[in-house]
Amino acid sequence: MLSKDIVPKIVPESFVQSFFRTNINVLTQDKNLSRCLKKFADAEYKKTHDQLITQNKIEKFPLTQTKLFVDTYHFDQMLSTLNDNQFTDEFNQCLFAYQNQKWFLCAAGLGSCLEHLMLLTLSNYHKETQLGRNPTAKDYLKAFTKEPIKLESRQQTFIDALFRLRNSVDHHNSGITSKRICDTLLDGISDVFNEYYIPSIKAF
């Protein structure tokens with residue numbers, strides 16, 4: 001029933017042996033064939049299930065960052081304090097892009113990391129429900145203006161500027177994304193971590 005070119009692609013462990021008699025009616029043959037194909041599909045699924053659900057490998061913190069970069073930001077310590085695999089993977093991929101001078105990828109990803117960091121901060125205060133469904137940058141800012149964080153206007157302007165900078169790259173970019181944009185976003189993430197996440201740890 002299968003063309004010869006597909007045979008080498010079949011998972012060997014999923015083979016099912018079945019026999020059909022030539023003197024039984026078509027309806028019975030269909031039932032037997034259906035049962036055989038279901039066993040085949042179930043076996044193939046079971047054999048590949050573990051491989052299909054394996055999560056992505058967490059990207060490691062880049063070891064070749066310049067000493068000046070590491071000493072300035074201390075991002076390795078930040079990731080250790082956060083202790084969140086998803087954030088670590090997202091952020092380290094941004095650093096990988098930064099290290100390889102992929103400025104657009106880095107800037108777009110850092111905007112997501114900023115939102116994620118703000119979410120983790122709100123979660124420490126058990127205030128993540130303030131974001132509502134499908135939150136935008138405006139929702140994150142609004143949540144940060146409420147108790148217990150209570151952003152002042154100048155701080156709100158700063159974080160808003162970070163989101164606008166990210167959006168200028170992510171949504172409205174028609175030119176070249178520069179290293180300076182990435183540096184500004186990295187500064188912003190460092191500031192949000194030190195000024196807002198660190199105090200939120202006490203709320204645990």
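Helices here are DSSP runs of H or I with at least four residues, strands are runs of E with at least two, and both are numbered from the N terminus.

A note before I go on: this is a predicted model, where local features need pLDDT of at least 70, side-chain atom pairs count only at pLDDT 80 or more, and totals for chains, interfaces and linings use all residues. Residues are numbered from 1 along each chain as its sequence is written, and side-chain values use heavy atoms, with hydrogens and water left out.

**Salt bridges**

I counted 5 salt bridges in the structure (a side-chain nitrogen of Lys or Arg within 4 Å of a carboxyl oxygen of Asp or Glu). Lys-179 and Asp-183 form one of them, with the closest N and O atoms 2.7 Å apart. I looked up exposure too (buried is under 20% relative accessible area, exposed over 50%, partly exposed in between, with a 1.4 Å probe and protein chains only). Lys-179 has 38% relative accessibility, so it counts as partly exposed. Asp-183 has 17%, so it counts as buried.

Next I checked Arg-164, which pairs with Asp-160 at 2.8 Å between the closest N and O atoms. These two are 4 residues apart in helix H7, so about one helical turn lies between them. Arg-164 counts as exposed at 56% relative accessibility, while Asp-160 is partly exposed at 25%.

Then I turned to Arg-166 and Glu-115, whose closest N and O atoms are 3.2 Å apart in their salt bridge. This pair links distant parts of the chain, 51 residues apart: Arg-166 belongs to helix H7 (residues 153-170) and Glu-115 to helix H5 (residues 103-124). Both Arg-166 and Glu-115 are buried.

**H4 against H8**

How do I describe two packed helices? I use the angle between their axes and the distance between the axes. For H4 and helix H8 (residues 179-200) I get an angle of about 150 degrees, with the axes 12 Å apart. That makes H4 roughly antiparallel to H8. Axes are lines fitted to C-alpha atoms, for helices over the stretch in contact, and angles run from 0 to 180 degrees between N-to-C directions; under 35 degrees counts as roughly parallel, over 145 as roughly antiparallel, 65 to 115 as roughly perpendicular and the rest as oblique.

From H4, I listed Phe-91, Leu-95 and Tyr-98 as making the contact; from H8, Lys-179, Cys-182, Asp-183, Leu-186 and Ile-189 (contact means heavy atoms within 4.5 Å).

**Phe-87**

I found Phe-87 in helix H4 (residues 85-99). Its relative accessibility is 0%, so Phe-87 counts as buried. Beyond its neighbours within four places in sequence, Phe-87 touches Met-78, Leu-79, Leu-82, Cys-113, His-116, Leu-117 and Leu-120.

I noted a cis peptide bond from Glu-147 to Pro-148, with omega near 5 degrees. Pro-148 sits in the loop between helix H6 (137-145) and H7.

Asn-83 is not a glycine, yet I read a positive phi of about 50 degrees there. This residue, Asn-83, lies in the loop between helix H3 (75-82) and H4. His-126, also not a glycine, has a positive phi near 60 degrees, and I placed His-126 in the loop between H5 and H6.
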